[in-house]
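My notebook is open, and I am jotting down what I looked up, one entry at a time. Have a look at the structure along with me.

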Amino acid sequence: MTTALPPGNGVATENLEENSTVTFTSNSSLPQGWDEFCVENNRSSPGKFYFTCTIDQYYSGMWNYSQIASYISLGNVKYGFDIECLEGANISLRWPGKANNLIELKVRNCLLTEFYGDYESKTLATFPDQLEYLVLINNVVLVDIFDLVYFAGSIVNITQDALCGNDESLVEMKISNMTYNFGVSTEIFFEKLLNKTTGVHDIENDPVVNDAQNLYKDIFEVSHICNYKHLRTYDNSVNSHPSTFYVDVKTERSLYPVLETLNLSYTSFGKQYSVDDLLNDWAVFYPTLKLMDISHCNVQVLDVSNKYNDADSSVKHVLHVNLTGNNITEIQVPVLESLVNIQRIFLNFSDNPLNCSCTEDMKELIRFVLGESKWSEEKYARYDFIREMQCYHPVQLRGTMLKDLRESQLLCTNDVTTTETIVVEGVVVLSILSVFLLVTIIILVKFRREIRILTYTRFHILLPFQSEEAFEEKTYDAFVSYSNEDQEWVTSIFENNEIEALRNFKFCLHQRDFMPGKTITENIVDCIEGSRHTIVIVSKHFLDSSYCLYEFEEALRQSISERKRHLLVIILEEISKEEMPKVLQTSLKTFTYIKKDDSIFLDRLIFSLSYKGHGKEKKKSSEISGHENNAFEGRMAEQDGTNNYNKNVYQVDVLSGNLDSEKTKHYNIFP
């Protein structure tokens, strides 16, 4: 291959004459030893090198960003790298990937170190932006949790290049499924939160939470404006924990003068934004946008205003918005009438779980759909898919298309749910013997928790002094995490329906409920997030399993994230504290745990799993799960956008490889 002279040594020349080219081997185009894991591919051309790099455990850590940036910066050859990591291998990569002569960078399935090394660097401003294609997919950023707190607290000091990256040169940017790993700093972090007196983690004083609350205010004080002059495709999909100002930052602090495709799918910001919010001033922020993908984002409200007709009339293209796979349950006719009259926007909101309950809005929608004459008009024909949308609720109408639905089919009779009141007569026995009264008081004080449990499980009475719980709609009441060596006991309790008191609960077991085609890690995270509780069956076999420990850590993360007692531990056999990981020891001080041999084991289990409320925050009875109502038929978890995004398939490898699994946490705070 002949091209311009690259940096480095090992150049072989052939009869150099005036205006002649230089011939060299590919070894001279990379630092010494890099040719063992990076191979030049057929995309190379004169003046441009493209390499495919495969990093396994043997070469883990050898691809170093600072080294390659320095190596290629002095030549006149452009470089592109396509990197894939295997077996949880790591590379050094600094955001925003700005280096002289680097025009393309693609990284997949890697553990990234030194990611925020250029956070406050002034050097990046000394040379122009050159990176045209940046693709980061399924990567885990290894960062110390205390450094992350510092970054969040000092966001006002961020440089223009660290904030905006290569905004003047990027043509395509894809940052998908980026998660964060705090490594060994997790244990230290939790120890600092542990109140030595109460033995409980002081989450209210969590510095990450407190600094994150100030992040919204501070980031809008940053004076930098990112101007992506050449960016045509922007993919920031599969973001499991977006901040509440996720969309605001990407619009009010950035300019996209030529952007055509914006992909924010599988990003669970739908509870904070309606469709109208997401489209607000789109012509200003995205004047050339043709496709916006906000599918599977848990968007719940379909509302659009007529103001989009008043946008810049010079823009002739149509914006297609993908709203499929969200949680839109109601469609109002006035909204539809507004939509059909907006020619510059087309919304595809098919594949949403319609609620066809008996309401005036639903009756009006049926009449709208059955009006055959209008569907021949061009403006209505675009939304013809509405006629084939299907009811999801109520169950009796599930699968019925709107074009086949009639008002007479709506369940309009008042479904009055009668609540049986169990009156327990309090019997007061007046005893002459003071000793008997004293013994009774001692028993009540000593066994007060057992009394609360038994009055609830045996008599269905929630005592007045007990706190109420807010109802959560989840697919399962509990995900059961256990070692395969303990399967016989787990099956007898949770799967065979041999215990009548547990039949009203819906348990998730990995050998039965894991979805084929998904990785083990994806199934674990989906099942934990789709369950009100995670039951951890702790045994010596459990402690020997890396997958079990990962399930425990994910459940602990869920408990901290939701600030609820999500985690429930069952001790299957006697295990000394020395045999337990420190995180498990700490958790046993904070979360409920039950011993298998406890005389009221089942009562404790039922009490911990049950939804306990006096009725103030209940939903309709058909949605309440577990011991409170055995008519549970909640909506499947696939309708929740937060449960469908693609998890990082290499988190398990990271946990079982370079890092101690009991000390690992994943958060997603930065892009």
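**Glutamine 130.** I began with glutamine 130, which is buried, with a relative accessible area of 11%; buried means under 20% relative accessible area, exposed over 50%, and partly exposed in between (1.4 Å probe, protein chains only). I found glutamine 130 in the loop between strand S8 (111-113) and strand S9 (133-142). Helices (H or I, at least four residues) and strands (E, at least two) are DSSP runs, numbered from the N terminus. The side chain of glutamine 130 has a polar contact of 2.3 Å with that of asparagine 100. For a polar contact I need a pair of N or O atoms within 3.5 Å; within protein, one must be able to donate a hydrogen and the other to accept it, and residues adjacent in sequence count only if both atoms are side-chain atoms. Leaving aside neighbours within four places in sequence, I listed the contacts (heavy atoms within 4.5 Å) of glutamine 130, among them Lys78, Leu102 and Asn166.

**Ground rules.** I am working on a predicted model, where local features need pLDDT of at least 70, side-chain atom pairs count only at pLDDT 80 or more, and totals for chains, interfaces and linings use all residues. Residues are numbered from 1 along each chain as its sequence is written, and side-chain values use heavy atoms, with hydrogens and water left out.

**Confidence.** The chain has a mean pLDDT (the predictor's confidence in each residue, from 0 to 100) of 75, and 69% of its residues reach 70 or more. I noted that pLDDT is below 50 over residues 415-425, a stretch with 4 contacts beyond near neighbours in sequence.

**Serine 481.** I placed serine 481 in strand S20 (residues 476-481). Serine 481 counts as buried because its relative accessibility is 0%. Not counting residues up to four places away in sequence, serine 481 touches Ile535, Val536, Ile537, Phe542, Cys548 and Glu551.

**Helix H16.** In H16 (residues 520-529), I see 9 of the 10 residues buried.

**Rings.** My search of the whole structure gave 29 aromatic pairs. Rings of Phe, Tyr and Trp (its six-membered ring) pair if their centres lie within 6.5 Å; planes under 30 degrees apart count as stacked, over 60 as edge-to-face and the rest as tilted. Phenylalanine 37 and tyrosine 59 make a tilted pair, 5.4 Å centre to centre with 50 degrees between the planes. Both phenylalanine 37 and tyrosine 59 are buried.
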